[in-house]
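This briefing is for a reader who has not seen the structure before. Please look over the sequence and the model, then go on to the points below.

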Amino acid sequence: MTCHQSGEITAFLKGEVPEKELPALRSHFDSCASCSRELETSRRLLESLSKMDQIEPSPGFTGRVRDAFLRAHPEFQAGSPVEKATLWDSIRAAFGVMPAWAISVSVHVLVVGIAALIIFQSRGARDDHDRTRPADSAHVAPPDTTPRDFMAAPVPDPLNQSRASESWKAWLDRMPRDARHAPFVAKRASGSDPSATKALAWLASAQWPGGRWMAPDPASTAGLTGLVLLAFLADGQAAAEPVQKGLEFLRSEQRASGLVGSDQGNSLLHHAIATVALLEGALATGDPRTRAAAAAAIGFSVSAQNEPGGWGAWARSPESDTLTGAWQILALRLSLIQGDAGVLPALVRAHGRIQGSIDPKGRVRGSAPGDVLFSTAAGMLSLELSSPAPDQGILARQEDLLLEAPVDPKDLRGALFRSLALFQRGGDAWARGWTPLREAVLRAQAPDGSWASDAVSEVHATALGALTLLSPVRYPRLSE
Amino acid sequence: MAGDWDKLDDAALISALQKGRLPAFTQLVERHQRSLINFFYHLSWDRQVAEDCAQEVFLRLHSHLGSYEPQAKFTTFLYRIARNLWIDRMRSEASRGGKPVSLEAASASGGDRPLGDRVRGPSPTPVEILARQETRQALRDAIERLPEEQKSVLILSEMQGLKYQEISAILDIPVGTVKSRMHTAMERLKEILTEKES
């Protein structure tokens, strides 16, 4: 028997259903067994379709087309191979299809603006130079033009190995202290922030049959489900039905290798978030099935670490990603406070890599130029969590960077890592950083408790918003 | 070496092409060749056919420039040319006694039973089938068997990643028709995969 609503399933999965029709449709899919089955079948089919073979143009394709075009249109002259676009072409590209008069006015404004910028920048540069002059020249940051080279991993050397041994000893010494943090994570109080509670109610209504929170890209669903679960667990709702169903979903998504979720896309990022959720879920519920899944997931994380000590998109990928690394390090640290000393070598290597990826100003470069602040926050948290004695000088510089930068209420991912990093830093950094951050996040919250974002889905944004608000109650200060 | 041409958007390149600038053409080819080749590849599963068709689209581009509106998205314009070229090719093949094609055909087979009913039963479900190693080939064969109008919508949506609104503009059909063709294509794929397995 086919339900009459099943015709909406594909459009729903493709994100092509109008926003106002979504709640009724979700509610129907929740209650209709036939649609629920179809939904799963269609989701898998779409996932397979999106991974169908793509081919690359054969070498010389452009040249062949160009030659054929010239044969058909001999009136075109080949021109100089380095012929450049005219200024007008460039201006037009910058301004789209604006009328000529509007472009003319805009160009004049732009020219005046650029002139002013050059004058002020040269003054600023002189000021910077004056400030840095007394310092050792080695501390002056290299120009920002270096493309990703300080993302390159440090090469292990004998000295580093010796430091690593000392670091392991320091870790082992503090393990009994770390173990005292476990009950803090396991027994969080519920309802500590009313705005977060409202967000969690919204997230509960967005959960799908089967316990998942569906991501626009199906390969990210395990990661998104893990992220939402963390928000519930941060609020001490381990016994709530959405959490039980969500943890069950994550367990069902685990493969024999221990990987949780899809092996496509940024699989290690999603795996890492899901692993943190399983670890916190195991602590909070005491469920042996979740504990076993968390242990297998951590085992996979350790085996997936690359040679320099980072994590990329897939197992042992040579390219390290700061965000994935931050989540993996959090997972290792949570595993450690549960008494798993087996993760120590991985944690020590991760510390070496993250330290080597920080430039003299404390910045960690992201995959896009605008990601520096966010990557720095993620890198700072990684540094704090991956060593019993992180470099205080680097942390101080990173703290300054985070406190000086204005809070962008739309960057919820940045807000989450900024709040976690500053909380771990504690003291004055936390006192100065938390209130403006919290206020910005609260201002961006919709009346129904959710958050919207251009960059991520509503569910994703809402989980990030709730987690940010709950940052002060999620973990103890692990350095204490 | 394309100089600064790679910094121009499609509308500016078209404008330059209309003024007789060859590098603008080369840049458009560089920028759109991969998606165009893959569009034809998923229709034909033949690299040679895909590249020949893509080349032909770029050659036709110049003669269609008069109908290009700068406000419209260039990719929509390009896919329209591509789609028309494919229709011409299918018609030509059919008239030569090649693969028979009915562009407006309904479901190629399947009788009158509701599609949903035919994908269930004692045989393995499509989910189970998709989990197997031969999935890719099976899926490829199943797409091949789709009626042409469903296949185009499916390829533009899934392999080319276009929104229903863009597909509607390319195929010149209402968005509602895109939605229903996509749904029918999905149901038909499930049906073919189930049939194949049982």
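In this predicted model, 11 of the 12 residues of helix α20 of chain A are buried, so α20(A) is largely enclosed by the rest of the structure.

**Helix α20 of chain A**
- The buried residues run through A:V459, A:H460, A:A461, A:T462, A:A463, A:L464, A:G465, A:A466, A:L467, A:T468 and A:L469.
- Among the elements covering the buried residues of α20(A) are α9 (194-205), α10 (221-234), α18 (412-425), α19 (427-443) and α21 (471-474) of chain A.
- At 1.5 Å a residue, the 12 residues of α20 (residues 458-469) should span 16 Å, and the end C-alpha atoms are 16 Å apart, which agrees.

**Nonpolar cores**
- The largest nonpolar core holds 91 residues, and A:V228, A:A231 and A:V276 have the most contacts inside it.
- Helix α12 (residues 267-285) of chain A gives the most to this core, with 12 residues.
- Leaving aside residues up to four places away in sequence, A:V276 touches A:G226, A:L230, A:W327, A:L330, A:A331 and A:L334.
- A second, separate core has 55 residues, including B:I14, B:L154, B:M159 and B:A169.

**Chain B**
- Chain B has 10 helices and 0 strands, and its pattern along the sequence reads α-α-α-α-α-α-α-α-α-α.
- Of the 198 residues in chain B, 41% are buried.
- For contacts in chain B between residues at least 6 apart in sequence, 62% join residues at least 24 apart.

Terms used
Residues are numbered from 1 along each chain as its sequence is written. Chains are lettered from A and ligands numbered from 1 in the order in which they are written. This is a predicted model: local features need pLDDT of at least 70, side-chain atom pairs count only at pLDDT 80 or more; totals for chains, interfaces and linings use all residues. Helices (H or I, at least four residues) and strands (E, at least two) are DSSP runs, numbered from the N terminus. The expected span of a helix is 1.5 Å times one less than its number of residues. A residue is buried if 20 or more other C-beta atoms lie within 10 Å of its own, exposed if 12 or fewer, and partly exposed in between; C-beta atoms are placed from the backbone. Two residues are in contact if their C-beta atoms, placed from the backbone, lie within 7 Å. A nonpolar core is a set of buried Ala, Val, Leu, Ile, Met, Phe, Trp, Tyr and Cys residues joined through C-beta atoms within 7 Å.
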